[in-house]
Amino acid sequence: MLIRRPSDIPSSEITPESQYVNRRAFLGTAGALALAGLAAPSALSAAVGLSQDDKVTPEEDATSYNNFYEFGLGKDDPKRNAGSLVTSPWTVNVDGLVKAPKRWDLNALLAGLAVEDRVYRHRCVEAWSMVIPWRGVRLRDVIARLEPTAGAKYVEFTTLLDPRQMPGQRSNSLDWPYKEGLRMDEAMHPLTLLATGMYGKTLPNQNGAPVRLVVPWKYGFKGIKSIVSIKFSATQPSTSWSDANRSEYGFFANVNPTVDHPRWTQAKERRIGEFLRRNTLLFNGYQNEVASLYAGMDLRKFY
Amino acid sequence: MTASRSTPTGRRIVRGLVWLAVLSPVPWLVWLFVSGGLGANPIESLQHRTGHYAIRLLAASLAITPLRTLTGWGWLVVSRRTLGLAAFGWAIVHLCVYVGLDLFFDFELFLEDVVKRRYITIGMLAIALLAPLAVTSTKGWVKRLGGARWNKLHRLVYVAMLAAITHYLWAVKLDITLPIVYFIAVGLLLGFRLFMYRRRRVEKAVKDRGTIAAS
């Protein structure tokens, strides 16, 4: 028996860039209603590119089924072990090709920036997915505040290294600390968030408190958690999963149903809470927004 | 079971207890499934749990003979077939969860997996090797094949075991500790069997030479 799902989200249901850039002009909930362009100046919510069958994942699932190896390798380990993480006070060291390298207090780093609620699809490289309401600031706003120099082509992020607070770092499962990076145009993209909350609350420790990256068109491992360092560089930084297994995890890690993980298909995914697998969408369904970033690039080679 | 008439009560109790033990995860899994205890991704959880049961039970079945040799507890042997059959049973459940729940009978995807994903290929090999062993596990088949041929056939269990652990090793994303532990355990069991085999050959050779010298 072959059971097939509709192959794709119709492009008509994806919020055009012109509208989500002006997202404060409309109240975005989900689907077509959001596209009506209702004026709601106080609303900061935007369900960018969500389709009508994208239901928000239960908060309990999103906060109990996590990959955060700093707190253990099992999916339920982070929730159990992340209580030891002290998230306040928190500093973020900014250096590299930037006007003024400085150790920032997190509150000062984000002070005054527009806080937004965004509901994004979240696709793990392990072929499961969720829909998560994030709260955070646009990374581009933070970068604007930091004033990188013209030579800065990449942004490199680092997670806290402290085996006392992060018991998973006592074993060498990955080469700690966790590192991730983005090309500058990816980092400046309006979809890219530095999240400090989810489900309308402060980010739980197991989800990367106090501040994490959210890049909805990339596999979840790009979304580095508990960030303590932002560095601007001229060359592509090394990243943890790519270092651990270069043939399986690339720097770009864009969600792509046609480029399989060497050991499993990426054509489909299990949405947490659903029984049947659904088809995975190119760039996780954000192709209208981000495909132009990769124009002319061989996505098989730069996976 | 016709054989049970000739089986002493003690052995029947042992066998019953072993059956109870190997089937005990069934109500447990049903309870977890119903109560939501399998977490956010219950299908994945079922896959992992049933796979672990199969591998551990198969390893346990391999441990019986060495254990019997070391302890002299002959009654242990009654549990060997039960453990082996249970391992095969859990492997089949594992396969059914994958095909029926995970892929929801998408046989096209299943075939693609079997051909393209080496960990699936070798996992299928493990099950394919276990199937004839399960079929020929009865006393009737031991008689039909003859002890020596039956023994030879059932040495395949080591190949199946190694295939199963390799399947696990290749499926793991990062942490290969447990597969390595399984490999070491099975390596020790296999090493013990080879050691005993060699010793028996040497003893037999010595005895044969003794017979020749005496004649």
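Two strands pair if DSSP finds at least two bridges between them. Strand S4 (residues 116-123) of chain A meets that test with S5(A), pairing in the antiparallel sense over eight bridges. The model is predicted. It scores ipTM 0.81 and pTM 0.83.

- Strand S5 covers residues 128-138 of chain A, and ten of its eleven residues are buried, so the strand is largely enclosed by the rest of the structure.
- S4(A) and S5(A) form a hairpin, with four residues between them.
- In that turn, Ala127(A) has a positive phi of about 75 degrees.
- Gly136(A) has its bridge partner in S8(A), namely Ala195(A).
- With strand S12 (residues 268-271) of chain A, S5(A) runs parallel, and two bridges join them.
- Here Ser129(A) stands opposite Arg271(A) of S12(A).

**A five-stranded sheet in chain A**

- Five strands of chain A make an open sheet in the order S3-S2-S11-S6-S7, and the pairing is mixed.
- The edges belong to strand S3 (102-105) and strand S7 (179-183), which have a single partner strand each, so one side of each is left without a neighbour in the sheet.
- On average, neighbouring strands of this sheet are turned by 20 degrees against each other, direction ignored.
- Strand S2 (residues 91-96) and strand S11 (residues 227-233) of chain A run parallel and are joined by four bridges.

**Backbone details in the loops of chain A**

- The peptide bond from Trp176(A) to Pro177(A) is cis, with omega near -5 degrees.
- Pro177(A) sits in the loop between strand S6 (154-159) and S7 of chain A.
- Another cis peptide bond leads from Ala209(A) to Pro210(A), with omega near 0 degrees.
- Pro210(A) is in the loop between strand S9 (201-202) and strand S10 (212-214) of chain A.
- Ser226(A) is not a glycine, yet its phi is positive, near 45 degrees.
- The loop between S10 and S11 of chain A holds Ser226(A).
- Why does Ser226(A) count as buried? It has 27 C-beta neighbours inside 10 Å, and a residue is buried if 20 or more other C-beta atoms lie within that distance.
- Asn284(A) is not a glycine either, and has a positive phi of about 55 degrees.
- Its loop lies between strand S13 (278-279) and helix H9 (287-290) of chain A.
- Asn284(A) is buried too, with 25 other C-beta atoms within 10 Å.

**Chain B**

- Chain B has ten helices and zero strands.
- Its C-alpha atoms fill a box of roughly 75 × 40 × 35 Å along the principal axes.
- Of its 215 residues, 21% count as buried.
- Among contacts in chain B with a separation of 6 or more, 68% come from residues 24 or more positions apart.
- The average pLDDT of chain B is 90, and 94% of the residues score at least 70.
- Residues 1-5 of chain B stay under 50 in pLDDT, and the model has two contacts for them beyond four places in sequence.

**Where the chains meet**

- Chain A brings 18 residues into contact with 13 residues of chain B.
- On the side of chain A that touches chain B, ten residues are nonpolar, three are polar and five are charged.

Notes: Residues numbered from 1 in each chain as written. Chains lettered and ligands numbered in written order. Predicted model: local features only at pLDDT ≥ 70, side-chain atom pairs only at ≥ 80, totals over all residues. pLDDT = per-residue confidence, 0-100. Contact = placed C-beta atoms within 7 Å. Axes fitted to C-alpha atoms, helices over the stretch in contact; angles between N-to-C directions. Nonpolar A, V, L, I, M, F, W, Y, C, P; charged D, E, K, R; others polar. Buried ≥ 20, exposed ≤ 12 C-beta atoms within 10 Å, placed from the backbone.
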